[in-house]
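Trainee: I have a model open and would like to learn how to read it. Could you walk me through it?

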Amino acid sequence: MANLQVNNEEREEAPNPYIFNPSLPWYRLLQIIIMSLTIAPVRLVLMSMTHLLGCLIALITMFGIDDEELARAPLSGWKRSVRYFVFKLGRLGTMFSGYTWVKVKGTQASPAEAPILVVAPHSTLMDIVIIFMLRDCPGIVAKKEIASMPVVGSLLKFTQPILVSRDASQTNQTVTEEISRRSNSGGLWHQTLIFPEGTTTNRKALAPFKSGAFRAGRPVQPITVRFTDEWDTATWTWVGGPPG
């Protein structure tokens, strides 16, 4: 007869990915104040100049091209070369923001090998830094509202993203179909980059992945982002979870 043993010991509680309570020493806070009044304005001006230049180039290149045409096929010829140039301008902008050195481990797969890039954890808006460390600018799955923002919206459109609307009933099906169409193009389209958590977390644990990146049934390349700063001043998340 088999004996059944039940372990009544309390299991360690899993970390909540939506709780982030930073605690900085006084000297670190003082450093932030001083830097905000001295170095930050200079960086902001340089970043703004870079983004405005990129926006101007993007608008000129996309002149006469509507949103449907941008979504139909990847840019080719000289327009693709200009897209790559603007992509490098974005890397210059991230350097001005303070991320001058980013260590990359591993080798990026080609679009034919892995048409989808899955990035986690997603803890801050500064995760955009990793986009500019890739071999070529990927198409991003992003909120449709961002595309209507000044400057940022034009730059986003130039990457030929997959835009997600607020209408969830249409979003799931439409986005899945578009990811599948691009990922089955045999490398014609650039890679699609997705943050499968769908929101920002605290880097202590992963939120459940959305299934959109995997429904196409195509190979994906996982990418992880790690910030090595002694004091975390970049993480941004919702206490208790994202709204809605």
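Mentor: We will go from the overall layout to cores, strands, cysteines and one arginine. This is a predicted model, where local features need pLDDT of at least 70, side-chain atom pairs count only at pLDDT 80 or more, and totals for chains, interfaces and linings use all residues. Residues are numbered from 1 along each chain as its sequence is written, and side-chain values use heavy atoms, with hydrogens and water left out.

Trainee: How many helices and strands does the protein have?

Mentor: Helices (H or I, at least four residues) and strands (E, at least two) are DSSP runs, numbered from the N terminus. Here there are six helices and five strands, in the order α-α-α-α-β-β-α-β-α-β-β.

Trainee: What share of the residues counts as buried?

Mentor: Buried means under 20% relative accessible area, exposed over 50%, and partly exposed in between (1.4 Å probe, protein chains only). Of the 244 residues, 37% are buried.

Trainee: Which residues have the most contacts inside the largest nonpolar core?

Mentor: In soluble globular proteins, nonpolar side chains tend to be buried together. A nonpolar core is a set of buried Ala, Val, Leu, Ile, Met, Phe, Trp, Tyr and Cys residues joined through side-chain atoms within 4.5 Å. The largest one has 17 residues, and Val119, Ile130, Ile131 and Leu193 have the most contacts inside it. A second, separate core has 10 residues, among them Ile65 and Val82.

Trainee: How many disulfides does a search of the whole structure find?

Mentor: A disulfide is a covalent bond between the sulfur atoms of two cysteines. With the criterion of a pair of cysteine sulfur atoms within 2.5 Å, the search finds zero. Cys55 counts as buried because its relative accessibility is 8%, and Cys137 counts as buried at 6%.

Trainee: Is Arg72 buried or exposed?

Mentor: Arg72, in helix H3 (residues 67-72), counts as exposed because its relative accessibility is 52%. Leaving aside neighbours within four places in sequence, Arg72 is in contact (heavy atoms within 4.5 Å) with Arg181 and Trp189.
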